[in-house]
Amino acid sequence: MYQEQHASNAISSWNDFNDAEAQQSGFDLIPKGTQAVVRMTIKPGGYDEPDRGWTAGYATASHETGAVFLSCEFVVLHGQYAKRKIWSNVGLHSNKGPTWGQMGRSFIKAVLNSSRNIHPDDNSPESAQARQIRSFADLDGVEFPARIRAGLLEFRRRCETLQHGVIVHQLCRPIWRAWMQQAVLEGKLDLPNYRTKAREYQAAKWIPQGWQWVDPEKEFKAMQLAIRSGLMSRSEAISSYGYDAESIDREIAADNARADSLGLVLDTDPRLVARNGATNQAAPSHPPDVADPPLVDQ
């Protein structure tokens with residue numbers, strides 16, 4: 001009797017949420033566009049380049065990508081969301097190009113304008129002087145009014161920082177190196193000149209689980225534009241969703257070969273069908289005399 005009643009209650013409470021209590025205010029998401037006064041603090045990463053003005057260890061360098069950034073925390077000081085925290089990385093340098101660093105400089109300029117009450121269009125000598133800092137220490141602890149925009153994107157950036165800077169760097173890599181070294185010592189792996197080429201053998205690309213799409217159509221159009229503009233590789237795009245580019249390419253090649261062998265013309269194949277739906281002249285009119293590719297690697 002108890003089990004039947006318990007099962008009935010479980011089904012009801014976890015399928016119908018009309019009578020659920022209101023979410024506690026401490027866990028409400030901050031709506032996009034909320035205006036608030038925040039305090040910005042920088043978590044020191046211990047990376048310095050005095051020639052660029054990066055001193056006192058405020059900058060952080062990624063061991064995986066070589067990117068350099070400020071790891072920042074923003075605390076809401078007043079109002080309904082007081083004491084809530086938001087995390088974001090402010091870009092200083094990326095090996096992929098100057099865009100991220102330029103975005104970081106634009107953000108810091110906006111912070112200075114807001115915290116020092118400078119109009120964005122004010123280019124007077126006094127305003128120009130106020131937009132200068134001695135070091136990143138001048139930004140640590142600064143308070144300014146801000147408009148909170150995309151909390152989800154900042155949350156993702158924070159998670160990616162933990163994935164690569166903590167989980168991969170401090171957990172996965174040591175275990176990987178220890179496993180390989182033990183396998184070589186026991187003779188399970190035959191790696192010539194392992195003692196002198198250990199770093200080469202241990203090189204690996206770590207791909208964490210990808211994120212679900214917020215707006216798939218817009219995201220894929222933006223990604224396609226970035227690839228065609230040379231700002232992103234296909235491998236990087238595929239890895240961002242948690243997949244291995246080489247495996248995807250093998251699957252595409254196998255699918256195309258199988259479709260060709262059966263004389264299929266699918267609108268998902270850009271070799272045969274244009275983006276406007278028109279069939280290209282390269283489309284086969286009859287099945288070519290080729291064997292089916294293996295479905296699994298031999």
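Modeller: Helices (H or I, at least four residues) and strands (E, at least two) are DSSP runs, numbered from the N terminus. This is a predicted model, where local features need pLDDT of at least 70, side-chain atom pairs count only at pLDDT 80 or more, and totals for chains, interfaces and linings use all residues. Residues are numbered from 1 along each chain as its sequence is written, and side-chain values use heavy atoms, with hydrogens and water left out.

Colleague: What follows H6?
Modeller: Glycine 230, with a positive phi near 80°.

Colleague: On to the largest nonpolar core. Which residues touch the most other members?
Modeller: Met40, Ile42, Leu70 and Phe136, out of 25 residues. Such a core is a set of buried (under 20% relative accessible area, 1.4 Å probe, protein chains only) Ala, Val, Leu, Ile, Met, Phe, Trp, Tyr and Cys residues joined through side-chain atoms within 4.5 Å.

Colleague: Which element gives the most to this core?
Modeller: E4, with five residues.

Colleague: And what is phenylalanine 136 in contact with?
Modeller: Counting heavy atoms within 4.5 Å and leaving aside neighbours within four places in sequence, Ile42, Gly53, Trp54, Tyr58, Leu70, Leu92 and Ile108.

Colleague: Threonine 60, buried or exposed?
Modeller: Threonine 60 is buried, because its relative accessible area is 16%. This threonine lies in strand E3, residues 54–61.

Notes:
Buried means under 20% relative accessible area, exposed over 50%, partly exposed in between (1.4 Å probe, protein chains only).
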